[in-house]
Amino acid sequence: MNFVYLLIEFLDELVFGLGETAWPLIRTDLHLTYTQIGLLLSVPGMIAAFIEPFLGILGDVWKRRLLILGGGVFFTFSLVLTAVSKSFHPILISFIIFNPASGAFVSLSQATLMDSAPERHAQNMARWTSAGSLGNVFGPILLGLFVYFGLGWRGAYALAAAISALCLLAAFRLVPPDDESISHLPSFKSVFDGFRSALSALKRREVWRWLLLLEASDLMLDVLLGFLALYFVDVAQATPTQAGIAVTVWLIMGMLTDFIFIPFIDRQPDSMKFLRRTATLELFAFSIFLLVPGFIPKLITIVFVNIFNTGWYPILKGNLYSALPGQSASIMAIESVTTPIAKLLPLFVGLLADQFGLGIAIWLLLLGPLALMIGLPRHDKP
């Protein structure tokens, strides 16, 4: 039963890995500026932050299966629209559709997986992350094959849409049905009570800690990956093929370390100490990556940057789920409080890159490990 949720995460990250590797090709084909790329990385997430709270609350108080399947329909449609986009505005619309669709299709699947074993949040998050890492690796491979055969990034997105349709069919068969006692339309009272409960959770310092640290950690995860190919092409003077190799190496290393981390997490006596140590190592590794010249030295150092952020997401997200028992889907609503601020960072990096160059702007990502070093509790709770 849980396999279908991991399959959905695999698909989501396959699309993500495909998109992050394709940025140099998309930029050239659509004649995009850094600012437009920053807008594509920021605006859809900011808009989704106003939609996903309702999806999250509804996922706890209404028909979660219906929301997952509806999200899958729009998820697939957005991939088709991306594949046929010819300019900035159509692809922006496709990304705007994609983000909340992913929230319903993927995030609610994650919440359902977490509900299946409340006592093993971090362990199931490690499995979820590993499924995503596997998808991340297949994304660039898919793109490379389509470029090699002359079908380009558009063909790769078209195939991703077809895979999404197959995953949607699997979800129709395997996601358990909603309780028949639930009304056809959500009641205003249940939605209001859900929002009140979510707002009550935001009064707790512990919840804010995990929300902010999750967003900070993402600077060295998805935000860095979003600019990695462009950095290798524009700053390290690599070719698009070499940039694709760098992204592929990053994703393969992430997949391997995420799978290794699954048994490791059960033997980790103090996850907070682990996070603090790796954040310190990450600070130095990323600084060296930015300072060292040449494609090969940067490729070697980016491997260490990848290794040192292993386990950040599953540990931090697992702690957030543990801090909110019985509100797994509502986490989407709670996370939306910090999402708009976090989504401004890629746009800010893009604006700085247009003004001063990407080589200078990307130093901003060091705020990620610094925040973990400062904000983590000293030890795990007993």
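This briefing describes the overall build, the nonpolar core and the aromatic pairs of one protein.

The model is predicted, so local features need pLDDT of at least 70 and side-chain atom pairs count only at pLDDT 80 or more, while totals for chains, interfaces and linings use all residues. Residues are numbered from 1 along each chain as its sequence is written, and side-chain values use heavy atoms, with hydrogens and water left out. The protein has 17 helices and zero strands. Helices (H or I, at least four residues) and strands (E, at least two) are DSSP runs, numbered from the N terminus.

**Overall build**

- Along the principal axes, the C-alpha atoms fill a box of roughly 60 × 50 × 35 Å.
- Of the 382 residues, 56% count as buried. Buried means under 20% relative accessible area, exposed means over 50%, and partly exposed lies in between (1.4 Å probe, protein chains only).
- The accessible surface comes to about 16500 Å², and 70% of it belongs to carbon and sulfur atoms. Such areas come from the Shrake-Rupley method with a 1.4 Å probe; for residues, only the protein chains shown count as cover.
- Among contacts with a separation of 6 or more, 83% are between residues 24 or more positions apart. A contact means heavy atoms within 4.5 Å.

**Nonpolar core**

- The largest nonpolar core has 123 residues, and Leu 224 and Phe 286 have the most contacts inside it. Helix α4 (residues 88-115) gives the largest share of this core, 13 residues.
- A nonpolar core is a set of buried Ala, Val, Leu, Ile, Met, Phe, Trp, Tyr and Cys residues joined through side-chain atoms within 4.5 Å.
- Leaving out residues up to four places away in sequence, Phe 286 touches Met 220, Leu 224, Val 305, Ile 362, Leu 365 and Leu 366.

**Aromatic pairs**

- The whole structure holds 13 aromatic pairs. Rings of Phe, Tyr and Trp (its six-membered ring) pair if their centres lie within 6.5 Å; planes under 30 degrees apart count as stacked, over 60 as edge-to-face and the rest as tilted.
- Phe 10 and Phe 138 form an edge-to-face pair, because their ring planes stand at 65°, with the centres 5.8 Å apart. This pair links distant parts of the chain, 128 residues apart: Phe 10 is in helix α1 (residues 3-30) and Phe 138 in helix α5 (residues 121-148).
- Phe 10 is buried at 18% relative accessible area, whereas Phe 138 is partly exposed at 40%.
- Phe 286 and Phe 289 form a stacked pair, 5.9 Å centre to centre with 25° between the planes. Both lie in helix α11 (residues 271-291), three residues apart, about one turn of the helix.
- Phe 286 is buried at 0% relative accessible area, and Phe 289 is also buried at 0%.
- Ring pairs join Phe 286 and Phe 289 with Tyr 231, Phe 232 and Phe 295 in a cluster.
- Lys 298 lies over the face of Phe 289, 5.1 Å from the ring centre. A charge sits over a ring if NZ of Lys or CZ of Arg is within 6 Å of the ring centre and within 35 degrees of the ring normal.

**Leu 214**

- Leu 214 is in helix α8 (residues 205-217) and is buried at 9% relative accessibility.
- Beyond four places in sequence, Leu 214 touches Tyr 313, Leu 316, Lys 317, Leu 320 and Glu 335.
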